[in-house]
Amino acid sequence: MLPFTALAHPNIAFIKYWGNRNEILRLPANGSISMNLDGLDTRTTVQFDNSLAADVVRINGKFSNGGEQVRVSKFLDQVRILANLRLFAHVESENNFPSGAGIASSASAFAALALAASRAAGLEISPDREETSNLDKDFDQMALSRLARRGSGSACRSIPGGYVEWLAGTSDMDSYAISIAPPGHWDLVDCIAMVSTGQKNTGSSEGHALAGTSLLQASRVEDAPRRLEICRRAILERDFTNLAEIIEEDSNLMHAVMMSSHPPLFYWLPATMAVILAVREARSQGLQACYTIDAGPNVHVICTAAVADETSRMLTGIPGVREIRTARVGGPARLVQNPSTRQDEI
Ligand code: PMV
């Protein structure tokens, strides 16, 4: 069968997903909102091959085994069921940014895998369709977002482009992400203050399972519709002041849940806190910048494009900040040409 290559961007959540109602289906405890990150991407090629006795997975040039391989194979099982296919696949995936350090590599990884694998398996995507009643017939963008969600929750938000909302839904059928504004709607920039490029100790799948052990999670989830509404409106109205306040509050709430779980999860390093304080101080002086942090120590500093250079310079001066990576608002997951070298390898 033919190989297909897909590209997807990671995304940074403004309103966070933390905790599942259903761990297997990855139905989230609350809805979330994010921005896709342009220029950071995962490219994944998938080819089903009748000469294989098992899936062969290569990530960033290294053959995977153990947990990583099992997770990809389990995901491919979903695709095989949808496509009624019994073949194993070659999967080749590359990121142009460090994995596992608070830039959501699992989001872009499973979004790219969902698109490449579904196409390679012969499932068609017809993004114009409003409704999907039968997955194997009408494999549209919502279905693709739902499929990506099964690999990593936040991956469903890397399927549509621009500013994206994941509707928590009530079941597997209605829990998917939609674009709430295209990339050109508002030129925000994520200046990522890298304070570590190491792998995090506790992955997010494990972390989600601990969320309910924090006394604070129920209140965080109960209040989520209010935060989602403020964030959605701030994006639509390009209201940076309200966006900054709600993004920081939401990030603080998620980290309070993490820190008060059993066992507690501490993702921050001292430099993380230094960046938080510096960003708040700069904003009080008029800089349109605010922070948000995922399951890692790096700080995503969201600012308007007009002050991105000034924000990066300010962050560079903070002790413990090793590097700044910047990303504008990214588009949707999409198919790309197969690089001929990879096609030969496959
Ligand atoms: O999709 P996961 O299982 O990697 O979870 C992502 C969790 C956070 O990045 C911390 C928050 C979010 O909404 O992206």
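User: I have this model open and would like to learn how to read it. Among contacts between residues at least 6 apart in sequence, what share joins residues at least 24 apart?

Analyst: Good place to start! The idea is to ask how far along the sequence the contacting partners sit. In the protein chain, 75% of the contacts between residues at least 6 apart join residues at least 24 apart. Do keep in mind that this is a predicted model.

User: Thanks. How many helices and strands does the protein chain have?

Analyst: The protein chain has ten helices and 16 strands. Along the principal axes, the C-alpha atoms fill a box of roughly 60 × 40 × 40 Å.

User: What fraction of the residues is buried, and what does the accessible surface come to?

Analyst: Burial is read from relative accessible area, with buried meaning under 20%. By that reading, 55% of the 346 residues are buried. The accessible surface of the chain comes to about 14,400 Å², and carbon and sulfur atoms account for 52% of it.

User: Which side chain does Asp 294 join in a polar contact?

Analyst: For that, look at the distance between N or O atoms. The side chains of Asp 294 and Lys 16 are joined by a polar contact of 2.6 Å.

User: Now the ligand. How many residues surround the ligand, and which are the closest?

Analyst: There are 14 residues around the ligand, and the closest are Tyr 17, Ser 152, Ser 154, Arg 157 and Ser 204.

User: Which atoms lie 2.8 Å from each other at Tyr 17?

Analyst: A backbone N or O atom of Tyr 17 and an oxygen atom of the ligand. With side chains, an N or O atom of His 208 is 2.9 Å from a ligand oxygen, and one of Ser 106 is 3.3 Å from a ligand oxygen.

User: And how much of the ligand's accessible area does the protein cover?

Analyst: On its own the ligand has 380 Å² of accessible area, and the protein covers 97% of that.

Methods
Residues numbered from 1 in each chain as written. Predicted model: local features only at pLDDT ≥ 70, side-chain atom pairs only at ≥ 80, totals over all residues. Heavy atoms only, no water. Near = heavy atom within 4 Å. Polar contact = N/O pair within 3.5 Å; in protein donor to acceptor, adjacent residues only side chain to side chain. Areas by Shrake-Rupley, 256 points an atom, 1.4 Å probe, with all protein chains shown as cover. Helix = DSSP H or I, 4+ residues; strand = E, 2+ residues; numbered from the N terminus. Buried < 20%, exposed > 50% of the residue type's maximum accessible area, 1.4 Å probe, protein only. Contact = heavy atoms within 4.5 Å.
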